[in-house]
Amino acid sequence: MDKKKLIGVVVSLFIFQLFVNAEEDSPAVYIKASGFASPLVEQWIAAYQDQYPDASIRLAGKDRKEEAVELVIRSYDPEEIPSGKEVVYTGRYALLPATTKDNPYLNDLTGRKWSKKEVRKLFFSGDPLEEVKSKKEKVEDKLTVYAGNRSATSVVVASHFGSIPSDLKGARISGDDRFLLNALQKDPTGIMYNALPYLFDLETRRLKPELVLLPLDVKKEHQELFSQPDIDRTIEWLEARTAEAVPVGYIGFIYTAGQDDRLDHFLQWVTQDGQSFCHRFGLLQLDPQTLAQQQKKLSANRQFLTKQ
């Protein structure tokens with residue numbers, strides 16, 4: 001081989017090896033997920049890695065401190081977004097009221113259709129003077145409301161009913177909202193609002209066998225959603241309309257905008273290709289308006305990085 005060509009080949013191989021080493025040495029982007037969003041995040045990462053095999057996106061382990069993680073996904077409370085961070089919404093979750101089949105007041109709960117106003121009286125403390133005036137014991141006086149302690153779900157439920165979390169009646173359960181299910185197993189008089197991924201079996205797509213949904217005041221053609229619950233029909237129904245007594249919250253990634261092009265690229269993928277996985281895990285896709293806003297925000301972040 002010509003000496004000049006040989007030198008060129010050696011230099012090319014050297015540069016290629018430097019590039020490979022740089023890729024190997026580059027720290028991975030870690031994503032921390034918890035609660036009902038975790039399975040969806042795992043699916044997003046796996047699908048993204050399939051499409052982009054060289055991408056270094058990883059799910060953070062439980063022992064990894066949150067401050068060392070570039071992205072965090074959770075059902076968020078807007079008041080808790082750290083200074084200097086921003087949130088990119090990537091999905092929605094719906095909350096439905098439920099109890100167990102062993103509730104001694106089940107006939108009272110399922111024998112009527114609950115309007116938003118009636119559900120509010122069921123779950124929230126009212127005017128003490130009005131409560132004193134009413135001497136007749138009602139079904140809401142016989143039940144125990146279970147809600148998350150300082151959870152984003154409680155914030156969303158309270159906000160939807162024009163109230164604050166501290167006005168929720170009953171007992172507070174610390175930790176993830178899946179523990180509300182345990183509370184209802186121990187107390188048959190319990191009722192709760194919880195997210196679809198915790199209320200439904202994601203394999204069978206049916207309501208978990210020990211649970212019963214409180215029938216909400218909806219049109220006749222939609223009543224079957226509560227008497228014969230199916231998660232896919234429920235998601236389709238909720239994505240097509242706003243239901244009065246069904247709070248809906250957002251999940252989102254909280255991160256430092258413009259910090260890393262890899263983060264913005266992954267998030268853009270999630271708001272595009274990744275939306276197709278939401279239903280499988282019991283979550284709603286973003287509504288068109290919110291989706292367009294998030295994609296516009298991410299495009300602006302990437303343009304900023306390109307100019308630097």
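Glutamine 275 sits in the loop between helix 11 and helix 12 (288–307), where helices (H or I, at least four residues) and strands (E, at least two) are DSSP runs numbered from the N terminus. The model is predicted: local features need pLDDT of at least 70, side-chain atom pairs count only at pLDDT 80 or more, and totals for chains, interfaces and linings use all residues. Residues are numbered from 1 along each chain as its sequence is written, and side-chain values use heavy atoms, with hydrogens and water left out.

Glutamine 275 counts as buried because its relative accessibility is 5%; buried means under 20% relative accessible area, exposed over 50%, and partly exposed in between (1.4 Å probe, protein chains only). Its side chain reaches the backbone nitrogen of leucine 286 at 2.9 Å. Leaving out residues up to four places away in sequence, glutamine 275 touches Trp44, Thr90, Val270, Gln285, Leu286 and Leu291, contact meaning heavy atoms within 4.5 Å.Val270 belongs to helix 11 (residues 261–271). Eight of the 11 residues of this helix are buried, so helix 11 is largely enclosed by the rest of the structure. The buried residues are Leu263, Asp264, Phe266, Leu267, Gln268, Trp269, Val270 and Thr271.

In soluble globular proteins, nonpolar side chains tend to be buried together.

Glutamine 49 lies in helix 2 (residues 38–51). With a relative accessibility of 16%, glutamine 49 counts as buried. Its side chain reaches the backbone oxygen of alanine 55 at 2.8 Å. Neighbours within four places in sequence aside, glutamine 49 is in contact with Ala55, Ser56, Ile57 and Arg58.

What is the phi of arginine 205? It is positive, about 70°, although arginine 205 is not a glycine. Most residues other than glycine have a negative phi. Arginine 205 lies in the loop between helix 8 (196–199) and strand 8 (211–213), and counts as buried at 13% relative accessibility.

Notes
Polar contact = N/O pair within 3.5 Å; in protein donor to acceptor, adjacent residues only side chain to side chain.
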